[in-house]
Number of protein chains: 2
Amino acid sequence: MSNEKIPYKIYLKENEMPKEWYNLRADMKKKPAPLLNPETGKPMTAEELSRVFCEELVKQELNETDRFIAIPDEIHEFYKMYRPSPLIRAYFLEKKLGTPAKIYYKFEGNNTSGSHKLNSAIAQAYYAKKQGLKGVTTETGAGQWGTALSMSCSYFDLDCKVFMVKGSYQLKPFRREVMRTYGASVTPSPSETTEVGRKILSELPDTTGSLGCAISEAVEAATTQEGYRYVLGSVLAQVLLHQSIIGMETKIAMDKYDIKPDIIIGCAGGGSNLGGLISPFMGEKLRGEADYRFIAVEPASCPSLTRGVYAYDYCDTGKVCPLQKMYTLGSGFIPASNHAGGLRYHGMSSVLSELYDQGYMEAVSVEQTEVFRAAVDFARVEGILPAPESSHAIKAAIDEALRCKETGEEKTILFGLTGTGYFDMFAYERFNNGEMSDYIPTDEELQKSISTLPKFD
Amino acid sequence: MSNEKIPYKIYLKENEMPKEWYNLRADMKKKPAPLLNPETGKPMTAEELSRVFCEELVKQELNETDRFIAIPDEIHEFYKMYRPSPLIRAYFLEKKLGTPAKIYYKFEGNNTSGSHKLNSAIAQAYYAKKQGLKGVTTETGAGQWGTALSMSCSYFDLDCKVFMVKGSYQLKPFRREVMRTYGASVTPSPSETTEVGRKILSELPDTTGSLGCAISEAVEAATTQEGYRYVLGSVLAQVLLHQSIIGMETKIAMDKYDIKPDIIIGCAGGGSNLGGLISPFMGEKLRGEADYRFIAVEPASCPSLTRGVYAYDYCDTGKVCPLQKMYTLGSGFIPASNHAGGLRYHGMSSVLSELYDQGYMEAVSVEQTEVFRAAVDFARVEGILPAPESSHAIKAAIDEALRCKETGEEKTILFGLTGTGYFDMFAYERFNNGEMSDYIPTDEELQKSISTLPKFD
């Protein structure tokens, strides 16, 4: 433990930075179920995966044994631009709530992509470059991932083709322009440029698209062009590995000042942020060295953990990706049109799904009006205008802090503040105007989308 | 000098933070000319100024003798949210340019207002609160200042009335919503809510407004309501005082690692950032203790220093504010409609004007297409998407670094990166589409606007 007074914002020094990513699966006794080939129903081989993904990333995807994986020097070099991210004590929020709880948040929004997504984008771009590829393809919804990837590709001088969910492409021209500023090409999805896009358009000409559909187009674009591979910003085990930098930095900072979190909270869409934040802490829990409560927070409008089923499902609408065992609402699930922001994917990381299934993690769902109320409260006292996604974690952290106020417990709460909401002001405008509404899918609706699951289980 | 290796990003520790603002005027042998009462042509008294401004701020405005002014504890407390700001070595930019120059930038954009404006907003809100006021009024153009003030008023629970230039109000709904999220009321200017607004609208019903006009409305709103005062985000000596935190932090960080800048560069609109950044360095130059080159960078479309006259002028279109001696293009000057971003004020801080007139500072003007080219180059290598305003300084810094490449000189260049461009993506879109154009006002146009100067000189 350092003798220094704990600073309000903890920035690690350069020589304190993690040198390795942490591979959570190494500590899991029961491993996540393997990816399956959708045609054969058999586990995907490295060779099969390599047609879609970069070779080194395939190795990482299949690596369940090495606890630590060295972070390449080139990625350390890029980290200098935006890491370490600060671990911030939420003094102002604590004061406003009048809670005895100590609240900390790891803030990943201080970079141009505005979120933690850059952590995996730079890793995936690096391995694509190392493999000698021309470029990569991907999908993006709200645009955080696409922005992060375009920044990373620009850095390594790689071509970057982004399929952007059409609704976001039209409603969020700003993120689109950030991507273009970094040299990416941005295509509204579904598009006429792919077979799967044309098929979807012929069936649903007026659709504003979905993530699942954009994934299918991006995979097709990667596998039908020489020198391209597909990259994905969440869900996959490799993404959690890259995102473990969040948790590693947090753990080093907390250990330095002898701070032990009782509760660790993260918003959960595909699981990239939550998985990254909790990794080294969960490792301790899995090894029986320490205990923590972990809480995944998801939107009530897209409740894969709290109301989904744990089964093999398609990762994309076009059903071209490997099947993954996960908590899922069915690949046909699309959140209601009043759903703001991200966290709209139908499934959840298989690593997190397995941990949740084994009881190592809790999950709660929250409605978006109360999420935005928490966001505004947070913005006003902490000075950071949070992304709608991140605000799910804020809401849950506030709830836990208020519980401490009732019981008088001085718990230490850590949550992940994944990003800023500067590109989400239309949603804030709706909230400011009192026009935001909530939607909780009915059991019938969920049963219908869940009924589209494949029969491999 | 510290024995530590110089970190890529220098963050001061809490105990290294400046305790005082630096009042540059104390070191000026010839002081800036006093503000004049527009009705009498005589220097404004403290009492007269106090009808418009908060009492403590009037004292600061008139204080030309105290070199240091203590930063109140409450402001230190707020600083914790977003200060210290990092001093960053532009390694990636240096590498791309292939220059032997060492480039550093002080980055003020890591806060929700997205710029350095928060430094003066929090000070002005604090003094308004201390005086027991109900609230403050102000104007905003691009919205950086209004956003900063709304955050600060929210923190001190003050009412915040913002008059936003109508063109920006319509074209930049996002900043408007950030202000509303922080509880401010935002009125498009000119408006029907003030006498001066109604007068302007009757003469120019279709006008999209100007800063000078919004200032007049805000001053009227402050002076005709009990418990309100007007606050201004640039130009005034008090603002430079609050912004000196930028230079003070920078100087402490540079001194710690024995880095001595040869050239210090800042963008200049009203002068708040430039004045704040250079303050302690300029102090050394004025006292003959050190020498630095200072370069003010302004848009070729609004060239107050490089093509204006040094004379007393109105600060606002409505001619209700005190007269100020400054480099000015005339209060009737409005930049061409293709001008993107801020830096559109017709005049320049009287402190900087006087220093420029005495030859302590240089000025250059740059055209916006080349500014955006520099912005994109910078964004791609340094990872930060800069505000159009800040990009003027980037452009000049790149030019100086390339000059070093020619001569082989290893100069140290410091520039101020005042903010991020996340709310300026319409301008980036124009640039990305090749639709951005330049405009340099003709001599005739400038003579016409300069001919509107009052005859007090």
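Q: Which right-handed unit do β10(A), helix α12 and β11(A) make?
A: A β-α-β unit, with α12 covering residues 272–286 of chain A. Right-handed means that, with the strands pointing away from the viewer, the path from the first strand over the helix to the second runs clockwise. Helices (H or I, at least four residues) and strands (E, at least two) are DSSP runs, numbered from the N terminus. This is a predicted model: local features need pLDDT of at least 70, side-chain atom pairs count only at pLDDT 80 or more, and totals for chains, interfaces and linings use all residues. Residues are numbered from 1 along each chain, chains are lettered from A, and side-chain values use heavy atoms, without hydrogens and water.

Q: Is β10(A) buried or exposed?
A: Buried (under 20% relative accessible area, 1.4 Å probe, protein chains only; exposed is over 50%, partly exposed in between). Five of its five residues, 263–267, are buried, so the strand is largely enclosed by the rest of the structure.

Q: Which residues cover each face?
A: Ile263(A), Ile265(A) and Cys267(A) sit on one side, Ile264(A) and Gly266(A) on the other.

Q: How many bridges join β10(A) to β11(A)?
A: Five, and the two strands run parallel. Pairing takes at least two DSSP bridges. Ile263(A) is opposite Arg293(A).

Q: And to β15(A)?
A: Three, also parallel. There, Ile265(A) faces Phe415(A).
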